[in-house]
Amino acid sequence: MAEVLAPFSPAHLRLEGNPAERRYVEHLHFRNLTFVHSRFELPPGNSNDQQGSASVPATVTLRGARYCAFEQCRFSNLGTFAFDVMAGCEENQLIGNEIAQVAAGGIRINGGTDRTPPWERTRNNCVTDNWLHHYGRDYPSAVGMLLMHTEGNTVCAQSYS
């Protein structure tokens, strides 16, 4: 007998507020959860040669989220990024998570562009004590930690292998 896994969805969780209207998802805390087996296929004609696998989504997306936390969670066998922290996110915490066997990369914090309005900025998030390993096997531009157009974040004590 063989076990067959056929992941269907590229995402497991989206915390999505509306920072333009100042409506946020706030004060959610996730601890000791396991997120496994997501899939993603590049759109036709997309070679994914951009740095940071910009076209690949994440299994957990935060947009317009504040004061949320993911602690001691495990992310593995994902065809995507583990986390995408996007516009309007502040004061979120990603602490002590294991991110392994991830096709695209670990944690992407992207606050938009240089012209993003102040209320949609991504800032003051804390990423600490995460263990990222065996990532980027499918997408050569994969990164463990990507920070773009964001400010005031604390990133420390990450372990990469």
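Threonine 80 touches Pro10, Ser38, Arg39, Phe40, Val56, Pro57, Ala58, Thr59, Val102, Ala103, Ala104 and Gly105, leaving aside residues up to four places away in sequence. Touching, or contact, here means heavy atoms within 4.5 Å. This is a predicted model, so local features need pLDDT of at least 70 and side-chain atom pairs count only at pLDDT 80 or more, while totals for chains, interfaces and linings use all residues. Residues are numbered from 1 along each chain as its sequence is written, and side-chain values use heavy atoms, with hydrogens and water left out.

Where does threonine 80 lie? You'll find threonine 80 in the loop between β8 and β9. Strands like these are DSSP runs (E, at least two residues), numbered from the N terminus. With 0% relative accessibility, threonine 80 counts as buried. The labels work like this: buried is under 20% relative accessible area, exposed is over 50%, and partly exposed is in between (1.4 Å probe, protein chains only).

Now for the charged pairs. Side chains of opposite charge can pair when their charged atoms come close. How many salt bridges does a search of the whole structure find? There are 8, each with a side-chain nitrogen of Lys or Arg within 4 Å of a carboxyl oxygen of Asp or Glu. Here are some of them:

| Pair | N to O distance |
|---|---|
| Arginine 66 and glutamate 26 | 2.5 Å |
| Arginine 74 and glutamate 98 | 3.5 Å |
| Aspartate 84 and arginine 108 | 2.8 Å |

Take the arginine 66 and glutamate 26 salt bridge. Arginine 66 sits in strand β6 (residues 65-66) and glutamate 26 in strand β2 (residues 25-26), so the pair ties together parts that are 40 residues apart in sequence. Glutamate 26 is partly exposed, at 32% relative accessible area.

The salt bridge between aspartate 84 and arginine 108 links distant parts of the chain, strand β9 (residues 81-85) and strand β12 (residues 105-110), with the two residues 24 apart. Are aspartate 84 and arginine 108 buried or exposed? Both are buried. Elsewhere, salt bridges that share partners join Arg14, Glu16 and Arg63 into one network.

Notes. Helix = DSSP H or I, 4+ residues; strand = E, 2+ residues; numbered from the N terminus.
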